[in-house]
Structure formats: structure tokens, C-alpha cells
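Please walk through this structure with a focus on packing, salt bridges and surface.

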Amino acid sequence: YQEMCLYLWTRFGEGVPIGMNEAYIIKGCEFHLLNFLRKGRKHVWMQSLDEPITEDGSTLKDIIPDIRNYVDALAETHLSIDDIKASGLTKKEQDVLSLLLKGYTSREIAGQLGISHVMVLKYKKKIIKKCRR
């Protein structure tokens, strides 16, 4: 890709092709790159976890370990909701967190608390920052 861009840019600097501008050359580079990615990459094959992949009938679900319980346990040992709320959150931050946990969007939270959705985003950043500490 880099060689192609350099070649096209050098040719453009020499005046070839005639009447073409920078944007045309850049678009040409983009087109060639996208075409390369489309044709040059191997296609991905989707495989069901439940479909047998070996002669004895083993599936990917049998082979790949299920770590969901491990991740859940790990999350519980590190932080709980009560720990987060006790980490120095203001009343407004606690309200935002509670509504986020209930599945509300930033705009819905803003409407319920009577603040702008931008302020909700700022509260979310503050909550994350305090949790990381």
C-alpha cells in the first residue's frame, strides 16, 4: 500500500496523470487498498459451537472452555456495586449509576434527573475515574 501511494504521488508530482488533483490520487490509493483487502484476504468461515467438527462428534463447545463463571467470580471479588457507591461518589453520581444499572440511556437519565445528557456523560466519566482509584 505504501509503495503504491508513493508511486502514485511521485507520478502526480511529475504531472502524470494530467489534469488530476490531490483528491483524485488519494481516492485512487483508497480504492486500490480496499480492492486489495477485498480480494487479498482469506474469507472467514463461520462455525457453530454445536456442530460436530471431529469424527467422534466433538463440538467446539466441548473443546473451548467456558470461562463465564470464572469471569463472574473474578468481577465479584474485585468490585461490587456497594463498593463502587462507597468509593466517594456524590449523590448525583450515585443517582446516575443507579439509573445506568437499570438500563437507562444517557438521555433518559438526563430527563429523569433534570440535567443535560452531556452532564450525564461527565458523571459517568467521574464514576469510572473514581472506580479505577
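Which residues does Val120 touch, not counting residues up to four places away in sequence? Val120 touches Val96, Ser106, Ile109, Ala110 and Ile115, where contact means heavy atoms within 4.5 Å.

A note on the source. This is a predicted model, in which local features need pLDDT of at least 70 and side-chain atom pairs count only at pLDDT 80 or more, while totals for chains, interfaces and linings use all residues. Residues are numbered from 1 along each chain as its sequence is written, and side-chain values use heavy atoms, with hydrogens and water left out.

Val120 belongs to the largest nonpolar core. A nonpolar core is a set of buried Ala, Val, Leu, Ile, Met, Phe, Trp, Tyr and Cys residues joined through side-chain atoms within 4.5 Å. Helices are DSSP runs (H or I, at least four residues), numbered from the N terminus.

Take helix H7 (residues 106-113). Ser106, Ile109 and Ala110 are buried there. Buried means under 20% relative accessible area, exposed over 50%, and partly exposed in between (1.4 Å probe, protein chains only). These three sit on the same side of H7, because they cover an arc of only 100° around the axis. The arc is that of the directions from the helix axis to the C-beta atoms. Arg107 and Gly111 are exposed on the other side of H7. Helix H6 (91-101) and helix H8 (117-132) are among what covers the buried residues of H7. Gly114 follows H7, with a positive phi near 70°.

Now the charges. The structure holds two salt bridges, each a side-chain nitrogen of Lys or Arg within 4 Å of a carboxyl oxygen of Asp or Glu. One joins Lys130 and Glu93 at 2.8 Å, N to O. This pair links distant parts of the chain, with Lys130 in helix H8 and Glu93 in helix H6, 37 residues apart. Lys130 is buried at 17% relative accessible area. Glu93 is buried too, at 2%.

Asp95 forms a salt bridge with Lys91, with the closest N and O atoms 2.9 Å apart. Asp95 and Lys91 are four residues apart in helix H6, so about one helical turn separates them. Asp95 is partly exposed at 22%, whereas Lys91 is exposed at 58%.

Finally, Thr59. This residue is found in the loop between helix H2 (22-40) and H3. Thr59 counts as buried, at 11% relative accessibility.

Methods. Helix = DSSP H or I, 4+ residues; strand = E, 2+ residues; numbered from the N terminus.
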